[in-house]
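This report describes selected local features of one structure. Please look at the sequence and the model before reading on.

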Amino acid sequence: MKKILFLLLSVVVFTACSDEIPEEKIPVKSGRTVLAYLISNNRSGNLDRNLKQNLVDMYSGLAQSKDSCTLLVYYRPYNNDGDGLEGPAILKYSSDGNGNINGHSSLRGGDLNARRVIQESDGISCFKEEQNHISTSPETMRRILNLMVDMCPSQSYGLVFGSHGTSWMPGNTVEGRSFGDDDGYNINIPEMSDVLEEVFSGKQLDFILFDACMMATAEVCYEFKDVTDYLIGAVVETHVYGHPYDIVLPKLYEKNVPYDEVCEDYIDYSRDLWQENSDWGTCAAIDCSKMDELANWVGANLEVYSGKFDSLDKDDVQQYGVGLFKYFSFDIVDYFKNLNAGNTPEGLEDVMNKVVVAKDALYGVKYPIVGDPSCVIEEERFCGIGMYVPYTVNDNKYINNEYYKNLAWYKAVGWDRF
């Protein structure tokens with residue numbers, strides 16, 4: 001019955017189908033359902049091939065699961081997609097925990113490719129006449145995520161976002177990429193947080209995994225503190241290959257996600273990539289429920305060290321950006337150590353141990369970020385999370401000091417005092 005309803009829905013346009021869920025009540029699924037929101041159709045750097053490989057790896061990872069579980073993937077392709085997507089689509093995959101997906105043996109070998117994985121979906125694709133609906137608009141993101149949640153009511157959820165990103169820095173209609181790049185359109189982090197808070201109100205969102213650049217910053221994590229328990233991401237630009245989902249995805253269904261292993265898996269994968277592509281990587285898991293404690297500590301100690309701001313050489317602090325992103329984010333612990341004569345101030349280590357539950361990176365001059373030798377991750381100076389220091393650099397194409405005042409983190413730590 002559900003299969004027939006899904007097929008009927010597939011010929012309806014987005015505006016008609018987005019709010020129409022089969023009247024048959026779908027039972028709440030035990031355990032966790034993982035949702036993925038993947039945006040190719042990029043104007044500033046084509047990720048379609050890489051995101052399709054991520055989809056294939058997710059499918060492969062799901063096939064390895066030892067428990068029954070469900071994966072829903074929203075995929076925003078280019079027009080005239082070469083792998084069978086007639087438009088933006090929700091793809092549904094359910095594993096029985098015995099190697100079968102959607103009721104039959106999972107794909108293997110030469111059949112394990114994007115076209116076949118898309119064909120194997122037991123989901124709906126009802127958006128082909130709505131190619132111009134921008135998947136980074138709050139309205140579209142809200143509608144799609146609500147539809148996914150309605151398709152699979154669950155005890156809890158995990159959410160993966162894959163596309164371009166530029167952390168807290170504001171996006172615009174063409175070149176900014178706060179999160180996502182749908183033909184040059186993006187969504188800023190505060191608006192994205194509002195969408196997620198509305199969609200998952202009254203629901204359990206265990207984690208958000210950002211497979212996008214520069215999302216493990218205090219500014220981003222603080223915006224999501226009332227939305228999700230944990231945020232997984234990198235504080236630097238990320239390579240295009242993403243996470244090794246064939247390894248990671250089964251772990252994202254575990255009752256207690258092994259965040260240390262998720263970070264290690266990403267770094268091990270990045271290290272293997274380095275052999276051929278000179279790649280790099282950082283990964284951290286942040287307990288968003290502890291972000292208020294970090295904001296309180298930072299706010300109090302900005303007051304303590306405010307007299308040293310002007311004399312501090314920002315180039316002495318571990319920072320995480322290169323090119324036009326240079327100085328967008330400084331390591332929080334290393335920043336205050338530099339203000340405190342090289343010593344970690346009292347209380348910071350205790351707070352940071354609560355906030356950063358796991359971290360890993362490729363350390364040293366062998367792994368410069370985006371190949372830039374001016375941005376190397378030093379292990380003893382890497383706490384896993386960064387923050388911007390307002391007014392240390394002038395506005396440029398991405399950094400906007402006036403916009404920074406709109407962020408909840410700015411207000412929470414009291415940067416307006418300085």
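## Residues with positive phi

Where is the place of Asn-80? Asn-80 is found in the loop that runs between strand E2 (69-76) and strand E3 (89-95). The model is a predicted one. In it, the phi angle of Asn-80 is positive, near 60 degrees, and this residue is not a glycine. Asn-80 counts as exposed because its relative accessibility is 78%, and exposed means over 50%.

Met-214 is also not a glycine, and its phi is positive at about 65 degrees. Its place is the loop between strand E9 (205-211) and H7. Is Met-214 buried or exposed? With a relative accessibility of 1%, Met-214 counts as buried. The cut-off for buried is under 20% relative accessible area.

## Helices H5 and H6

Helix H5 covers residues 138-151 and helix H6 covers residues 189-199; their axes come within 10 Å and cross at roughly 30 degrees. H5 is therefore roughly parallel to H6, since angles under 35 degrees count as roughly parallel. The crossing in which H5 passes H6 is right-handed.

Which residues of H5 meet H6? On the H5 side they are Pro-138, Met-141, Arg-142, Leu-145, Asn-146 and Val-149. On the H6 side they are Glu-191, Met-192, Val-195, Leu-196, Glu-198 and Val-199. By class, the contact of H5 with H6 has eight nonpolar residues, one polar residue and three charged residues.

Pro-153 sits in the loop between H5 and strand E6 (154-162). Pro-153 has a relative accessible area of 18% and is therefore buried.

What does Pro-153 touch, apart from residues up to four places away in sequence? Its contacts are Ile-26, Pro-27, Val-28 and Lys-29. Between Pro-153 and Ile-26 there are 7.0 Å from C-alpha to C-alpha, although the two are 127 residues apart in sequence.

## Helix H11 and its surroundings

Helix H11 (residues 332-339) is mostly covered, with six of its eight residues buried. These buried residues are Ile-332, Val-333, Asp-334, Tyr-335, Phe-336 and Leu-339. What do they pack against? Their partners are helix H7 (218-223), H10, strand E12 (330-331), H12 and strand E14 (386-387).

Both the start of H11 and what follows H11 can be described. At the start, a side-chain oxygen of Asp-331 comes to within 3.1 Å of the backbone nitrogen of Val-333. After H11 comes Ala-341, which has a positive phi near 55 degrees.

## H10 with H11

How do the axes of H10 and H11 cross? They come within 11 Å and cross at roughly 20 degrees. H10 is therefore roughly parallel to H11, and the crossing of the two is left-handed.

From H10, the residues in this contact are Leu-294, Trp-297, Val-298, Asn-301, Leu-302 and Tyr-305. They meet Ile-332, Phe-336 and Leu-339 of H11. The contact of H10 with H11 has eight nonpolar residues, one polar residue and no charged residues.

## H10 with H12

H10 (residues 291-305) also has a crossing with helix H12 (residues 348-355): their axes come within 9 Å and cross at roughly 155 degrees. H10 and H12 are therefore roughly antiparallel to each other, since angles over 145 degrees count as roughly antiparallel. Their crossing is left-handed.

Met-291, Glu-293, Leu-294 and Trp-297 make this contact from the H10 side. Leu-348, Val-351, Met-352, Lys-354 and Val-355 make it from the H12 side. By class, the contact of H10 with H12 has seven nonpolar residues, two charged residues and no polar residues.

## Cys-383

Cys-383 lies in the loop between strand E13 (356-361) and E14. Cys-383 is buried because its relative accessible area is 7%.

Which residues are in contact with Cys-383, leaving aside its neighbours within four places in sequence? They are Tyr-320, Asp-331, Ile-332, Val-333, Met-352, Val-356 and Lys-359. Ile-332 and Val-333 are among the buried residues of H11. The C-alpha atom of Cys-383 is separated by 32 Å from that of Gly-202, 181 residues apart along the chain.

Notes:
Residues numbered from 1 in each chain as written. Predicted model: local features only at pLDDT ≥ 70, side-chain atom pairs only at ≥ 80, totals over all residues. Heavy atoms only, no water. Axes fitted to C-alpha atoms, helices over the stretch in contact; angles between N-to-C directions. Helix = DSSP H or I, 4+ residues; strand = E, 2+ residues; numbered from the N terminus. Parallel < 35°, antiparallel > 145°, perpendicular 65-115°, else oblique. Left-handed = near helix turned anticlockwise from the far one by under 90°. Contact = heavy atoms within 4.5 Å. Nonpolar A, V, L, I, M, F, W, Y, C, P; charged D, E, K, R; others polar. Buried < 20%, exposed > 50% of the residue type's maximum accessible area, 1.4 Å probe, protein only. Polar contact = N/O pair within 3.5 Å; in protein donor to acceptor, adjacent residues only side chain to side chain.
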